[in-house]
Amino acid sequence: MNDPLELLKDLISRASVTPDDAGCMELLAERLEKTGFRAEYLDFEDTRNIWLKRGEDKPLFVFLGHTDVVPTGPIERWQSPPFEPTIQDGKLYGRGAADMKSGIACFVTAVERFIEKHPDHRGSIAIMLTSDEEGPATNGVVKVVETLERRNEKIDWCLVGEPSSDKKLGDVIRVGRRGSLCAKLTVHGIQGHVAYPEIAENPIHRFAPALKELTEEIWDRGNAFFPPTSLQVSNINAGTGAENIIPGSIEVQFNLRFSTESNEDSIKRRTKAILDKYDLKYDLEWRLSGKPFLTDKGDLIDAVHAAIDSVTGFEPVDDTGGGTSDGRFVAPTGAQVVELGPINATIHKINENVDLKDLDTLTDIYHNILVELMT
């Protein structure tokens with residue numbers, strides 16, 4: 001029961017590409033029900049979610065994760081089949097090995113070990129899992145948290161098992177994340193023959209100065225926890241494919257990863273001001289993927305530092321880098337949120353893998369965090 005490796009192999013063998021859970025949650029529910037957890041499925045549309053909870057008292061400690069994985073990419077480029085967990089040179093290979101089925105296997109095993117030693121622990125322990133973290137994330141944790149909020153079921157501490165480590169296990173923990181704001185911009189012109197530009201209007205030419213200004217804009221200078229807000233263009237599309245036609249429009253997609261020094265409204269306002277300065281005819285659609293959040297020093301961060309030090313002998317670095325995670329949906333409820341998981345060097349890559357020795361180390365760290373907070 002208390003072996004994270006065997007559980008991880010079982011999870012990897014289930015091809016749970018977003019939003020398919022492929023039976024992972026049923027496997028975990030059956031296992032955890034033996035230690036007193038009650039399973040509640042909170043499914044929305046094509047997304048599976050499970051809320052596994054032991055106890056009803058405060059404080060409430062939650063392990064958060066996702067069973068879905070990204071697509072494999074070209075299978076022929078993998079050194080072994082991506083959904084056949086394979087051990088080679090001290091590593092376990094398979095899609096989801098690092099992101100984030102190893103985190104799940106380790107925190108489930110840690111919970112089992114903890115309850116075996118401390119069956120009458122204080123407070124309540126819960127595990128929240130979704131099958132829609134790698135996808136649009138519209139029917140996953142965000143909906144589960146809304147359900148919990150309606151029931152006034154407040155989370156005190158939330159540990160996300162995402163792969164946060166950099167060079168060695170436990171060297172980095174995420175204590176916050178930048179916000180993410182996506183934009184789809186369409187600049188309109190007048191299509192025509194390249195030989196007669198005087199009766200056409202090239203939207204690429206019209207937009208170019210605005211693009212330069214958008215990419216050079218200093219949105220903010222960040223702060224002690226966050227780097228400055230950054231705008232990155234991800235896609236530009238224009239034209240019919242013919243070399244002699246001035247396009248009628250240009251479509252541009254860009255994203256801003258923003259710090260707590262900026263906000264959604266200020267970014268939208270400043271973007272509009274830049275576009276309007278160049279008298280462009282345009283349509284602009286926005287999508288907020290997540291607001292920035294930061295967990296201040298407190299019980300959870302202290303417990304994570306103490307647990308990492310007790311197992312590894314070193315202090316982790318508190319960081320807010322990387323992309324978004326489902327922690328962004330929990331933090332606004334007032335919960336303390338920290339991300340701690342395996343090394344992230346191979347996530348989303350061909351031949352994704354996790355170091356075998358790190359599995360027991362991570363399990364021990366998770367176990368010691370529970371000891372720090374729940375005894």
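This is a predicted model: local features need pLDDT of at least 70, side-chain atom pairs count only at pLDDT 80 or more; totals for chains, interfaces and linings use all residues.
The structure holds five aromatic pairs, and I would like to begin with the one formed by Phe63 and Phe107, which is stacked, with 4.8 Å from centre to centre and 15° between the planes. Phe63 belongs to strand 3, residues 60-66, while Phe107 belongs to helix 3, residues 101-117, so this pair ties together parts that lie 44 residues apart in sequence. Both of these residues, Phe63 and Phe107, are buried.

Let me stay with Phe63 and turn to its pair with Tyr366, where the ring centres are 5.4 Å apart and the planes stand at 65°; since planes over 60 degrees apart count as edge-to-face, that is the class this pair falls into. Here strand 3, which carries Phe63, is tied to helix 9, residues 356-374, which carries Tyr366, and the two parts are 303 residues apart in sequence. As for accessibility, Phe63 has a relative accessible area of 0% and is therefore buried, and for Tyr366 the relative accessible area is likewise 0%, so that residue is buried too.

Finally, a contact of another kind: Lys168 lies over the face of Phe314, at 4.2 Å from the ring centre.

Note on methods
Residues are numbered from 1 along each chain as its sequence is written. Side-chain values use heavy atoms; hydrogens and water are left out. Rings of Phe, Tyr and Trp (its six-membered ring) pair if their centres lie within 6.5 Å; planes under 30 degrees apart count as stacked, over 60 as edge-to-face and the rest as tilted. Helices (H or I, at least four residues) and strands (E, at least two) are DSSP runs, numbered from the N terminus. Buried means under 20% relative accessible area, exposed over 50%, partly exposed in between (1.4 Å probe, protein chains only). A charge sits over a ring if NZ of Lys or CZ of Arg is within 6 Å of the ring centre and within 35 degrees of the ring normal.
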